[in-house]
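Here's a quick walk through the fold, from its sheet to a few individual residues. Keep the viewer open and follow along.

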Amino acid sequence: MELIDSKRTVLITVSGPDKPGVTSSLMGTLSSVGVDLLDVEQVVIHNHLTLGVLVATAGDLDDLQEAVSIQMDQRGMQVEINLDPPGKALAPSTHAVVLLGRPISALAFKAVAGELHSCGANIDSIRGIADYPLTGLELMITVGSSGDALLRECLGAVAAKHPINISVERSGLARRAKRVIVFDVDSTLIQGEVIEMLAAKAGREAEVAAVTEAAMRGELDFADSLHERVKALAGLDEDVIANVAASLELTPGARTTIRTLNRLGYHCGLVSGGFRQVIEPLAEELGIDFVRANTLEIVDGKLTGRVIGEVVDRPGKARALAAFAEERGVPMEQTVAVGDGANDIDMLTAAGLGIAFNAKPALREVADTTLDYPYLDAVLFMLGVTREEVEAADSADGGIRRVPID
């Protein structure tokens with residue numbers, strides 16, 4: 001290699017057993033030969049280190065290679081040096097693609113990579129974001145003019161053929177700026193349907209459950225079905241509300257999800273077609289900022305079989321999300337909504353990111369992405385939060401790593 005007059009970019013890749021001091025030794029060597037640091041990326045997989053450093057130099061490239069090779073050889077590391085074309089632009093990735101599976105097979109990943117190639121996308125980097133309860137991989141990609149719609153269509157076809165979930169979002173500030181998130185309650189934040197639990201106290205659970213299922217599939221108008229189901233509760237003592245509230249079971253990962261989002265500065269809300277009297281104690285326990293739900297009418301200590309006030313139905317849920325976002329001064333593009341039924345369609349389509357959680361077909365068709373695993377904390381992975389970051393936050397707060405999912 002000859003002495004050059006203008007600066008050229010050089011990619012130095014160091015690989016080998018991970019050990020203390022490799023990075024500092026490499027940087028010390030680079031400082032001694034007077035290069036400009038442009039970019040650094042380091043990955044450790046099962047104690048094997050790969051360290052990439054992009055530099056600009058106007059010096060003798062033979063001297064650079066010799067200095068780096070001698071220093072790294074002393075530490076048992078391999079070195080590869082490659083020249084980039086002069087003036088090559090370093091553009092940021094355009095999209096983040098998250099893959100979730102249990103597990104993610106090589107066959108499924110091959111299909112994802114093939115579809116990305118067919119869409120004209122390039123994989124810039126890959127990192128693991130979760131190892132339990134699901135395997136999660138985040139791919140940062142750059143795609144040209146094909147746009148979001150084609151990208152989602154291509155990857156959606158892969159998810160339909162393989163047991164994985166795939167999320168696609170624009171990278172950069174658009175992804176990191178999300179600050180309001182709302183959850184449906186029944187069969188999303190909690191397991192089961194509150195109205196069916198109340199109906200069980202009246203001995204009418206089966207007939208109410210059948211109406212609920214039809215409403216969640218979108219076969220019945222939600223408001224009409226709500227009034228019909230609430231009639232079955234007429235005459236119940238108001239004490240049953242507290243009893244049902246005390247018996248609610250959170251979806252696995254729900255407590256972790258809310259706790260982590262609160263730590264990250266998200267404003268968390270519950271928007272439900274269920275009942276405020278049942279939900280509010282849980283919201284207070286979890287540190288929820290906003291609750292919008294229906295209100296059961298109670299007269300002389302008895303449920304009347306009616307709801308009072310504005311019904312929180314499908315359009316009502318979308319209005320509640322918009323009101324919550326406005327209250328917090330957050331534009332709708334920076335909101336996230338998570339739900340499972342047809343009643344959540346308007347809310348998910350209005351949000352900047354709509355996540356269908358173990359959802360009915362009607363909601364899956366319109367959601368930005370789907371989650372088909374019974375772990376609510378997988379929502380965090382789709383937002384770019386890693387399992388390691390969740391555990392580090394718990395540990396710093398006095399928690400214990402690898403605690404059972406709650």
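Let's start with the sheet: 4 strands form an open sheet, ordered β6-β7-β5-β8, with antiparallel pairing. The edge positions go to β6 (121-130) and β8, each with a single partner strand, so one side of each has no neighbour in the sheet. On average, neighbouring strands here are turned by 20 degrees against each other, direction ignored. Helix α3 (residues 106-118) packs on this sheet and touches β5, β6, β7 (135-143) and β8. The direction of α3 makes about 15 degrees with that of β7. Bear in mind throughout that this is a predicted model.

Here are the strand pairings side by side, each with one example of residues that face each other across the strands.

| Strand pair | Bridges | Sense | Example residues |
|---|---|---|---|
| β6 and β7 | 8 bridges | antiparallel | Arg127 and Glu138 |
| β5 and β7 | 7 bridges | antiparallel | His95 and Ile141 |
| β5 and β8 | 7 bridges | antiparallel | Leu99 and Ile166 |

How many residues lie between β6 and β7 in their hairpin? There are 4 residues between these two strands. As for β7 itself, 7 of its 9 residues are buried, so this strand is largely enclosed by the rest of the structure. In the pairs from the table, Glu138 in β7 is the bridge partner of Arg127, and Ile141, also in β7, is the bridge partner of His95.

Is Ser167 buried or exposed? With a relative accessibility of 1%, Ser167 counts as buried. Leaving out residues up to four places away in sequence, Ser167 touches Ala96, Val97 and Val98, and also Thr369 and Met382.

Next, a pair of helices. Helix α7 (residues 205-216) and helix α8 (residues 222-231) pack with their axes 10 Å apart, at an angle of about 170 degrees. That angle makes α7 roughly antiparallel to α8. On the α7 side, the residues in the contact are Val208, Val211, Thr212, Ala215 and Met216, and they meet Phe222, Ser225 and Arg229 in α8. Sort the residues of this contact by type and you get 5 nonpolar, 2 polar and 1 charged.

What about aromatic pairs? A search of the whole structure turns up 1 aromatic pair. Phe290 and Phe324 make up this pair, and they are stacked, at 4.4 Å centre to centre with 15 degrees between the planes. The pair links distant parts of the chain: Phe290 belongs to strand β11 (residues 290-299), Phe324 to helix α12 (residues 314-327), and they sit 34 residues apart. Both Phe290 and Phe324 are buried.

Two further residues are worth a click. Lys7 lies in the segment before β1 (8-17). Its relative accessibility is 48%, so Lys7 counts as partly exposed. Which residues does Lys7 contact, leaving aside neighbours within four places in sequence? They are Asp36, Ala56, Thr57 and Ala58. Take Thr57: Lys7 and Thr57 are 50 residues apart in sequence, with 4.9 Å from C-alpha to C-alpha.

Leu348, in helix α13 (residues 345-350), is the other one. Leu348 has a relative accessible area of 2% and is buried. Leaving aside neighbours within four places in sequence, Leu348 is in contact with Ala337, Val338, Gly339, Gly354, Ile355, Ala356, Leu363 and Ala367. Leu348 and Gly301, by contrast, are 47 residues apart in sequence and 37 Å apart in space, C-alpha to C-alpha.

Conventions
Residues numbered from 1 in each chain as written. Predicted model: local features only at pLDDT ≥ 70, side-chain atom pairs only at ≥ 80, totals over all residues. Heavy atoms only, no water. Buried < 20%, exposed > 50% of the residue type's maximum accessible area, 1.4 Å probe, protein only. Contact = heavy atoms within 4.5 Å. Axes fitted to C-alpha atoms, helices over the stretch in contact; angles between N-to-C directions. Parallel < 35°, antiparallel > 145°, perpendicular 65-115°, else oblique. Nonpolar A, V, L, I, M, F, W, Y, C, P; charged D, E, K, R; others polar. Pairing = 2+ DSSP bridges. Phe/Tyr/Trp six-rings, centres within 6.5 Å; stacked < 30°, edge-to-face > 60°.
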